[in-house]
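Trainee: Could you take me through the aromatic rings here, one step at a time? I would like to see how they pair up.

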Amino acid sequence: MPAHQHYNTLLVLLSYVVSVLGSFTALQLAVAIPLARTMRQRLMAVLAAGAAMGVGGIWAMHFIAMLACDMGMPVSYDAVLTALSAVIGFAACSLGLFIASSGAFSWAKLAAAGICMGLGVTGMHYLGMAAVMMAAYATYNMNLVAASLLIAIVASVVALWLAFNLRGRIQMIGSALVMGLAVCGMHYTGMAAFNIDDDGGQLPAGFASGMRGGNLGASIFIVTVVLLAAALIIHYRRQQRRAAISI
């Protein structure tokens, strides 16, 4: 018998907020990429922006949104697969930023970087969903899976273009709001593709040791916001030092 999914409204809202904050932080940090004078500086800037987007803006949003979903039965999450999905999100965004920032701008390079990043983000999402442990069988609506992949690629191309073309604070805030919607749209489309049949399933062996609970979602939100805020403070202080030196 198919199980019905319900969502915790507060956690859904927190998932959007953290995605917007991660997107805004990534856009701010990406400013340093084209200004880098050495490969080391460029790599550090790429990794910082990739972490803000991949872990803060996408993975944290994904996991909080997963915890927001009440699947009508006890659910826990495999810690190893969940951590690996975060690594994939970070690697995909960093690689996309690195490709897009290499050499002169071209739409072909931007598209290649966006496809690479979109595939990685989609892989992160579905690996994170594979971490779900419950007494049920799961299948996927492949049309919705394909739609979530398309959303991820389009959102990645847009995010990369914005990262290297926006400088105004107000523009970045508006773009972060839109990017947050795109990331959430990709996730909830993927969740809509997730069909659960709770007829005859058994709890996996590692269920008891898995991660679970709405409090975990709130905790991830708080930790992510603190880390993103720290990254922004460090970034702004560096900008102030550079401005002072150049005077």
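Mentor: Let's look at the ring pairs and then at some side chains beyond them. Please keep in mind that this is a predicted model. Searching the whole structure turns up five aromatic pairs. Take F63 and Y77 to begin with: their ring centres are 5.3 Å apart and their planes meet at 80 degrees, so we call the pair edge-to-face, as that is over 60 degrees. Because F63 belongs to helix α2 and Y77 to strand β3 (residues 76–77), this pair ties together parts that are 14 residues apart in sequence. Both F63 and Y77 are buried. Now compare the rings of Y140 and F194, with centres 5.4 Å apart and planes at 50 degrees, so this pair is tilted. Here distant parts of the chain are linked, since Y140 is in strand β5 (residues 137–140) and F194 is in strand β6 (residues 194–197), 54 residues apart.

Finally, turn to the surface, where L43, M44 and L47 make up a nonpolar patch with about 250 Å² of accessible area together. Of these, L47 lies in helix α2 (residues 39–68), and its relative accessibility of 32% means that L47 counts as partly exposed.

Notes
Residues numbered from 1 in each chain as written. Predicted model: local features only at pLDDT ≥ 70, side-chain atom pairs only at ≥ 80, totals over all residues. Heavy atoms only, no water. Patch = residues over 30% accessible without salt bridge, like charges linked within 9 Å, V, L, I, M, F, W, Y side chains within 5 Å. Areas by Shrake-Rupley, 256 points an atom, 1.4 Å probe, with all protein chains shown as cover. Salt bridge = Lys/Arg side-chain N within 4 Å of Asp/Glu carboxyl O. Helix = DSSP H or I, 4+ residues; strand = E, 2+ residues; numbered from the N terminus. Buried < 20%, exposed > 50% of the residue type's maximum accessible area, 1.4 Å probe, protein only. Phe/Tyr/Trp six-rings, centres within 6.5 Å; stacked < 30°, edge-to-face > 60°.
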